[in-house]
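Here are my notes on the model you asked me to look over. Keep the picture open while you read, and go through the points in order.

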Amino acid sequence: MFAIRHFSLSMAGAACALTLGIAVPAAAQPSAKETRQAHNVLVDYSTCVADAEPEITRAFVLTDGADAARVDGVKGLFDSRCMGFNHGKLKMEDFLFRGALAQRLIEKTLASDVLDNVADLEALNATYAGGGPAAQGHTLMYRIGECIARADAAGARTLFATRMGSDKEKAAIRALAPVISGCVPAGQEVQIDRARLRFGLATMYYRLAARLTGQGAE
């Protein structure tokens, strides 16, 4: 487990790269309500896609960034049947999309005790494919997410069961705060927003479970 260092958690959330086709100046930041709406649209869309294409979803969750192009049928994840009123307007950052898909797979396919033997599993130490600050940030969130999943799998499941932006979500994150603090890499001060925390954690929770059950990528 990473040594305890400082972190700050934005309970208001951060801008999601999911838009609803509304023209906004590049420098403008969405309101808390707009951010919450965008995140919940992402979750609803991902739930529909994961239910419609479980095998492609699973393969996508187990890969990252540029590597995702290797996933057979990945275009099937962009399913017009799941668009609803967002048809032709939905744009998603793949890190968040992958995590939202993972969350649905966890909810639908994994038992609550699936990580009971996680201590027997070697660290996955996932690295987000690609380069630059964004990929480095995603990699950091995966490392923190894996640490949290190992330390408090039950707390993670409690978080996944909450609606984004809700008081229950905030309470679940607050309950995880000591674990999160203990998972921040030594010597770093990290700002963590709710969405990246939740979806990075979901991706790594699912990957740990897949490896434990012999179904994860080697």
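1. Helices (H or I, at least four residues) and strands (E, at least two) are DSSP runs, numbered from the N terminus. Counted that way, the chain has seven helices and two strands.

2. Some ground rules. This is a predicted model, in which local features need pLDDT of at least 70 and side-chain atom pairs count only at pLDDT 80 or more, while totals for chains, interfaces and linings use all residues. Residues are numbered from 1 along each chain as its sequence is written, and side-chain values use heavy atoms, with hydrogens and water left out.

3. How far can you trust it? pLDDT is the predictor's confidence in each residue, from 0 to 100. The chain averages 82, and 82% of the residues score at least 70. Among the elements, α5 has the highest mean pLDDT (98) and strand β1 (residues 7-10) the lowest (46). The pLDDT is below 50 over residues 1-7, a stretch that still has 34 contacts in the model beyond near neighbours in sequence (contact means heavy atoms within 4.5 Å). Residues 9-27 are also below 50, with 42 such contacts. Where pLDDT is low, the predicted coordinates should not be read in detail.

4. Now the overall packing. Of the 218 residues, 50% count as buried; that means under 20% relative accessible area, with exposed over 50% and partly exposed in between (1.4 Å probe, protein chains only). Among contacts between residues at least 6 apart in sequence, 81% join residues at least 24 apart.

5. On to the rings. Rings of Phe, Tyr and Trp (its six-membered ring) pair if their centres lie within 6.5 Å; planes under 30 degrees apart count as stacked, over 60 as edge-to-face and the rest as tilted. The structure has six aromatic pairs. One of them joins F160 and Y205 edge-to-face, at 5.7 Å centre to centre and with 85° between the planes. This pair links distant parts of the chain, since F160 is in helix α5 and Y205 in helix α7, 45 residues apart. F160 counts as buried because its relative accessibility is 10%, and Y205 counts as buried because its value is 0%.

6. Elsewhere, ring pairs link Y45, F60 and F97 into a cluster. The charged end of R98 sits over the ring of F60, 4.2 Å from its centre. To count, NZ of Lys or CZ of Arg must be within 6 Å of the ring centre and within 35 degrees of the ring normal. R207 does likewise over the face of Y142, at 5.1 Å from the ring centre.

7. Last, zoom in on S46, in helix α1 (residues 32-52). Is S46 buried or exposed? S46 is buried, because its relative accessible area is 0%. A polar atom of its side chain lies 2.8 Å from the backbone oxygen of L42. Leaving out residues up to four places away in sequence, S46 touches F97, A100 and L101.

Notes: Polar contact = N/O pair within 3.5 Å; in protein donor to acceptor, adjacent residues only side chain to side chain.
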